Each structure stands twice: as structure tokens, then as C-alpha cells.
Amino acid sequence: MWNNTPMRVVVAHNYYKQAGGEDQVVAAEVAMLRQHGHDVTRYCLHNDAIDQMPRTELVARTIWNRSSYLELRALVRESRAHIVHFHNTFPLMSPSAYYAARAEGAAVVQTLHNFRLTCAGALLLRDGKVCEDCLGSFAPWQGVWRKCYRGNLAASATVTAMLAAHRVAGTWRNAVDVYVALTEFGRRKFEAAGLPADRVVVKSNFVFPDPGPGTGGGGYAMFVGRLSAEKGLGTLLEAWRQLGGQVPLRIVGDGPMAPQVKEAAARDPAIQWMGSVPLDSVYRLMGGAAFAVVPSVWFEGFPRVMAEAFAKGTPLIASRMGAMAELIQEGRTGLLFTPGDALELAQVAQRLFHDTPRLTQMRRSARLEFEEHYTAERNHEGIMAIYARALSVRSRKEPCC
């Protein structure tokens with residue numbers, strides 16, 4: 001019904017202090033919707049505002065932000081939005097924003113980029129290992145005394161209180177019309193966490209505009225992403241230490257493990273740390289890479305770098321877990337290794353780097369994977385189906401007062 005009908009959409013997103021793939025997904029989705037003739041209004045908050053905010057105010061706003069409720073309600077009314085599509089409401093926007101959208105008659109869609117609704121730390125990860133102790137529980141209470149959010153007891157308690165309060169209020173069940181998981185793996189986890197199974201659908205990340213395939217002729221491997229423990233930086237650096245300079249590696253990104261990356265690059269001339277670079281430079285580097293490495297030790301939602309690699313025709317080496325194992329067709333678009341196993345990663349990387357015929361075939365397959373699944377056109381079809389479903393669900397609900 002809606003495929004050829006322009007829609008009015010408000011895209012709502014709470015930016016983190018350090019930009020990441022989630023922000024790029026939002027930008028690409030907005031651009032794609034506008035290109036297809038939809039009227040898109042953005043409502044954004046930024047976590048830089050936290051620095052000037054008293055602790056008590058931050059706690060209150062995390063649970064229910066009256067200001068964002070009023071602002072968003074006015075924006076939805078003014079724009080006459082059919083849909084309010086949320087990406088991140090944590091911590092400043094708060095779930096009050098769902099109620100603002102509903103109060104003005106708009107349908108509510110929430111993309112699930114991480115596991116925040118069932119895990120205080122959002123990653124289902126603790127001490128470098130997968131942790132599902134709170135999956136499906138009323139609220140992640142264990143995350144409080146374990147300090148799962150930023151290693152801080154008070155902050156972890158605030159996150160957990162927000163989740164518990166909105167569980168009691170029925171927010172997760174009643175205030176969101178459709179949840180969007182990024183993979184089938186993610187969908188199963190969210191259903192296990194207690195989200196209504198009939199309202200969790202799957203729509204992958206994508207790349208827009210299409211950067212076009214690369215040649216893979218640069219003679220190096222590549223890592224792109226946040227330099228942090230959950231991204232598997234420790235595994236990556238140890239694997240390249242064992243490789244002893246045999247495979248050049250370019251690392252793009254910044255984060256808390258930047259000092260370790262800088263030290264590794266100073267010690268090993270085969271490693272080049274490039275810091276944060278513009279997206280067009282990422283594409284250029286990705287196109288020249290023999291392969292990209294995604295060594296994460298958490299399940300991941302859908303690393304955008306994987307879609308970018310496919311767009312450039314660049315094969316992947318990734319951890320055999322969660323979304324990564326689902327997205328890679330082993331031997332066709334990439335190879336997998338045991339999460340955290342630096343020796344296995346080194347061995348897989350060395351073999352693939354020197355196997356030119358296999359790399360050539362994988363490049364063709366990776367680009368084909370992009371063309372079949374991760375283009376803007378395919379994504380537009382998916383998001384229109386999601387919006388139509390959300391509107392259908394919304395029409396069956398009682399108006400919000």
C-alpha cells in the first residue's frame with residue numbers, strides 16, 4: 001500500500017559522545033528515505049549535554065524526560081508524521097518519547113542496534129566473555145552490583161531502574177508498534193528477552209550511496225571500528241604480533257584502546273594506525289584491502305563495516321559468533337575463526353592473504369551479496385513493509401491520552 005506513497009517520518013536518535021556505525025546508519029536511512037520522496041524530519045539529542053547536567057537531573061531524564069516528550073510531541077504534531085522511527089533513546093531522550101509519538105497518533109518503530117533493553121551494559125558481555133545472565137529477566141538487576149554500565153554502580157542502577165520502570169509500565173509491550181532487529185540472530189535474542197514476538201521483524205543495515213567495488217590491490221588487511229575491547233582489538237593485535245610482519249594491516253578508528261594500537265604500530269612496521277578518517281576515505285581504503293577483519297567478542301547487532309566491505313567487494317574474516325557468523329557465507333564471502341583465538345586468526349589471515357585465486361572469487365561473491373541484500377533499493381522495500389505493519393498495529397490500538 002505504501003510502497004509508492006510518500007510518507008511523513010520523524011527519525012529520532014540520541015547521539016553518543018563518540019560517533020560510530022549507529023550514527024552512520026541513521027544518516028544513510030534518512031538520505032535513502034528522502035531520495036525516495038518521503039518527508040523526513042529529524043529529532044536528535046547529543047550526549048555532550050550530560051557534561052553540564054546535575055546527576056539527579058540525568059537520572060530523572062533517563063527514566064522520563066518531560067522536555068523531550070513535549071518537544072517531540074510538538075514536532076510530530078507540526079510535521080503530521082505517520083511514523084516516528086527511533087534508533088536510540090538512551091539516555092537523554094528516554095522512553096517518554098514513545099508516548100509523545102503515540103499521543104499524536106503516529107506509529108512507533110524502534111530499531112534495536114544493541115541489547116540495551118535486556119542488558120545494562122547493552123552488549124551481553126562481561127569480563128570479555130558473553131554473558132546472558134539477565135536475558136529474559138524482569139530487569140538486569142545483576143548488572144547493578146556488577147557495575148555493568150561503565151563500571152559505575154550508580155550509573156548501572158540508573159539504567160536498570162529505567163528498564164524496570166518501563167517494564168512495569170508496559171512500555172516495551174504497548175508503546176512500540178514494531179521492533180526492528182538487524183539479523184535473525186538478533187531477533188531470537190530479543191524474543192528470548194521478552195519482547196513480543198509478533199512485533200519483532202528483521203531488516204538489515206545497508207550502504208547508501210553505493211560506493212562501487214574496489215580492486216583489492218592495496219596489499220594489506222584492514223580493521224575499521226571503535227578501538228575497544230568488545231571489538232576484539234586485543235585478539236587482533238596479538239594475532240598480528242604472531243604474524244611478525246607477514247601481512248600489512250591498516251587500522252581505522254579511535255577509542256579507549258588507542259594507546260595499545262599506537263604502541264603496536266610503533267613496534268611493528270606492518271601495522272599502520274590511521275585514526276579516524278572521513279567515510280569516503282574509509283571506502284577507498286576498504287576497496288584496496290585484500291580483506292577486512294571483524295574480530296569482535298560480543299554478538300554485535302550488525303557491524304556496518306560488514307555491509308561496507310560487501311559493497312566494495314572486500315571479503316571478511318570474522319569471529320564465529322552471533323550476527324557475524326550469520327552474515328558471512330564461509331568460504332564464499334569470507335572466513336570465520338574462533339572468537340578470541342589470536343593464533344587461529346593469524347593462521348586464517350596468513351593463508352587467505354596469499355591465496356590470490358580465492359580472494360578474487362570471494363571479491364565477486366562479496367559484491368554480489370551486497371547487490372542482492374544491502375542496497376538502498378532493497379532496504380527501501382523492507383522499511384516500507386515495516387512502516388505499513390506499524391501503521392496497521394497502531395490502527396488497532398486505543399488512542400493514547
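Helices (H or I, at least four residues) and strands (E, at least two) are DSSP runs, numbered from the N terminus. The model is predicted: local features need pLDDT of at least 70, side-chain atom pairs count only at pLDDT 80 or more, and totals for chains, interfaces and linings use all residues. Residues are numbered from 1 along each chain as its sequence is written, and side-chain values use heavy atoms, with hydrogens and water left out.

The protein chain contains 16 helices and 14 strands. Its radius of gyration, taken over C-alpha atoms, is 21 Å. The globule rule (2.2 Å times the number of residues to the power 0.38) also gives 21 Å for 401 residues, so the chain is as compact as a globular protein of that length. Along the principal axes, the C-alpha atoms fill a box of roughly 65 × 50 × 35 Å.

Of the 401 residues, 57% are buried. Buried means under 20% relative accessible area, exposed over 50%, and partly exposed in between (1.4 Å probe, protein chains only). The accessible surface of the chain comes to about 16200 Å², by the Shrake-Rupley method with a 1.4 Å probe. Carbon and sulfur atoms hold 53% of that surface. A contact means heavy atoms within 4.5 Å. Among contacts with a separation of 6 or more, 72% are between residues 24 or more positions apart.

Two peptide bonds to proline are described here. The bond from F90 to P91 is cis, with omega near -5°. P91 sits in the loop between β3 (83-88) and α4 (96-103). Another cis bond joins F208 and P209, with omega about -5°. P209 belongs to the loop between β8 (200-202) and β9 (221-224).

L124 has a phi near 50°. L124 lies in the loop between β4 (107-111) and β5 (125-126) and is buried, at 1% relative accessible area. For E300, phi is about 70°. E300 is in the loop between β12 (291-294) and α12 (304-312). E300 is buried too, with 4% relative accessibility.

A disulfide is a covalent bond between the sulfur atoms of two cysteines. Here a disulfide is counted when two cysteine sulfur atoms are within 2.5 Å. The structure holds zero disulfides. For C119, the nearest cysteine sulfur is that of C148, 6.2 Å away. That distance is too far for a bond. C119 is buried, with a relative accessible area of 11%, whereas C148 is partly exposed at 27%.
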